[in-house]
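Welcome! Please take a moment to look over the sequence and the structure, and then we can walk through some of the details together.

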Amino acid sequence: MALKRNQFGTGPNVSLFTLGTMRSNESLEQMYSVVKEACLTGINHLETAPAYGTSESLLGTTIKKLNSEGCRPEGGWVITSKILPGTGINEGKDQLQGILSRLGISKIHNLAIHGINLPEHLEWALKGDGDKLIKWATQKRLIGQIGFSSHGTFALIKKAIESRRFQFCSLHLHLLDQERLPLAKMALERKLGVMAISPADKGGHLHTPSKTLISDCYPISPLELAYRFLLSQGISTLTLGASKITDFQIAKKLISSNSPLSKSEQDIIGKLTQNSKERLGKTFCGQCRDCLPCPNEIPIPEILRLRNLCIGMDLNSFTKERYNLIGRAGHWWEKNNATACQNCGECLPKCPNNLNIPDLLKDTHRKLVDSPKKRLWG
Ligand code: SF4
Ligand code: SF4
């Protein structure tokens, strides 16, 4: 059976899974075995970045070695790397040439502006030095197409999609956090490629799911269900941050599985949601966002979403990790945690579920506050 490939903007078509090389850069041996396994799995799309340590140079050496052994996907590898917004034109040129040199290629298929998190980042890409850099790189035939990733607001991501600057985007899209799914659909309708970032780790530490989640998803594994959900929505490709060859097991099974959800998959997703709501009872936050804005800029829905996942699905390590990033990751994350609540009561009449928001925020803080963990890029 022919492997499925999805359109990805104006670039070469990509496999339903993309190998993210953030976790395979400990040695050349590790990179080689992981990239080779990706090829054997049917993956043709590789994602890297200067910030992934030695990833680009190890990848460049690995691709050469695999090519010499005749191990390459049909049509060759498609590679995506990233630069950060805000650099001056000369610095940007140096960064791009560094990427090409480390990968050992003269042109990269996909270059993503990583972290269009603030309006000034988008301005940089549309009108500032970023615009100059993109025009220069296109004219010199150093890049195929340009994309972006974002931890910004819904409105900012929408503006970036509508700007016509980008041909693909990388978004946080998850079975357990579907807030950005409408943006992905909008991007797909506009023929942008859409890559889902880290459905396993950022999607709820689904590589190490709680017993509750395993039981709610039975007989499918939570990670397989999350992958199937995203693929059935037409998402172009899902990143897989493999560090060893056994990490490809589910991708091997689903490498061509982007059909609509089956009745049994739909039933399991329905049961998962229902069980979670029952565990939360009258404290379930429906994520409507009607409580915003809070005068103290507390991201109420985001904090209560973590509470939903902690109590409704027992996702303790994941929710603690995410909660403790608040205020500690610059523009990559929310600024204020639950302790900023002054009990002003402004949010209370706006909540259609009549939630006692200040009490629930305090409860969430008690449950989740912890010392911060090391954060991987993005
Ligand atoms: S009660 Fe707390 S969360 Fe609600 S609006 Fe006031 S400060 Fe914000
Ligand atoms: S208004 Fe209530 S239900 Fe809606 S997001 Fe805010 S807290 Fe949750």
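## Two ligands and their surroundings

To sort residues by class, Ala, Val, Leu, Ile, Met, Phe, Trp, Tyr, Cys and Pro count as nonpolar, Asp, Glu, Lys and Arg as charged, and the others, Gly among them, as polar. With that in hand, the shell around ligand 1 has nine nonpolar, four polar and one charged residues. Keep in mind as you read that this is a predicted model.

Which residues come nearest to ligand 1? Of the 14 residues around ligand 1, they are Cys294, Cys341, Cys344, Gly345 and Cys347. The largest cavity is the space that ligand 1 takes up.

Ligand 2 has 13 residues around it, and Cys285, Cys288, Arg289, Cys291 and Cys351 are the closest. Sorted by class, its shell holds eight nonpolar, three polar and two charged residues.

A pair of aromatic rings is described by the distance of the centres and the angle of the planes. How many aromatic pairs does a search of the whole structure find? The answer is three. One of them is formed by Phe8 and Phe168, a tilted pair with 5.1 Å from centre to centre and 35 degrees between the planes. This pair connects distant parts of the chain, since Phe8 belongs to strand β1 (residues 5-8) and Phe168 to strand β8 (residues 168-171), 160 residues apart. Phe8 and Phe168 are both buried.

Phe148 and Phe166 make up another tilted pair, with 4.9 Å centre to centre and 55 degrees between the planes. Phe148 sits in strand β7 (residues 143-149) and Phe166 in the loop between α6 (154-162) and β8, so the pair ties together parts that are 18 residues apart in sequence. Here too, Phe148 is buried, as is Phe166.

## Two lysines to visit

The charged end of Lys65 sits over the ring of Tyr32, at 4.8 Å from the ring's centre.

Lys107 is found in the loop between α3 (89-103) and β6 (108-114). Is Lys107 buried or partly exposed? Its relative accessible area is 42%, so Lys107 is partly exposed. In sequence, Lys107 and Asn13 are 94 residues apart, and in space they are 17 Å apart, C-alpha to C-alpha.

Most residues other than glycine have a negative phi, and most peptide bonds are trans. Let us look at some exceptions. Tyr218 and Pro219 are joined by a cis peptide bond, with omega about 10 degrees. Pro219 belongs to the loop between α8 (211-217) and α9 (222-232). A cis peptide bond also joins Leu292 and Pro293, where omega is about 0 degrees. You can find Pro293 in the loop between α11 (263-280) and α12 (300-313).

His205 is not a glycine, yet it has a positive phi of about 50 degrees. Its place is the loop between β9 (193-196) and α8. With a relative accessible area of 9%, His205 is buried, because buried means under 20%. Asn343 likewise has a positive phi, near 55 degrees, in a residue other than glycine. Look for Asn343 in the loop between α13 (316-323) and α14 (357-368). Asn343 is partly exposed, its relative accessible area being 45%.

Technical notes. Residues numbered from 1 in each chain as written. Chains lettered and ligands numbered in written order. Predicted model: local features only at pLDDT ≥ 70, side-chain atom pairs only at ≥ 80, totals over all residues. Heavy atoms only, no water. Phe/Tyr/Trp six-rings, centres within 6.5 Å; stacked < 30°, edge-to-face > 60°. Helix = DSSP H or I, 4+ residues; strand = E, 2+ residues; numbered from the N terminus. Buried < 20%, exposed > 50% of the residue type's maximum accessible area, 1.4 Å probe, protein only. Lys NZ or Arg CZ within 6 Å of the ring centre and 35° of its normal. Near = heavy atom within 4 Å. 1 Å grid on protein atoms, 1.4 Å probe; cavity = no way out; pocket = protein on both sides within 12 Å on 5 of 7 lines; lining within 4 Å. Sits in = over half its atoms within 2 Å of the grid points.
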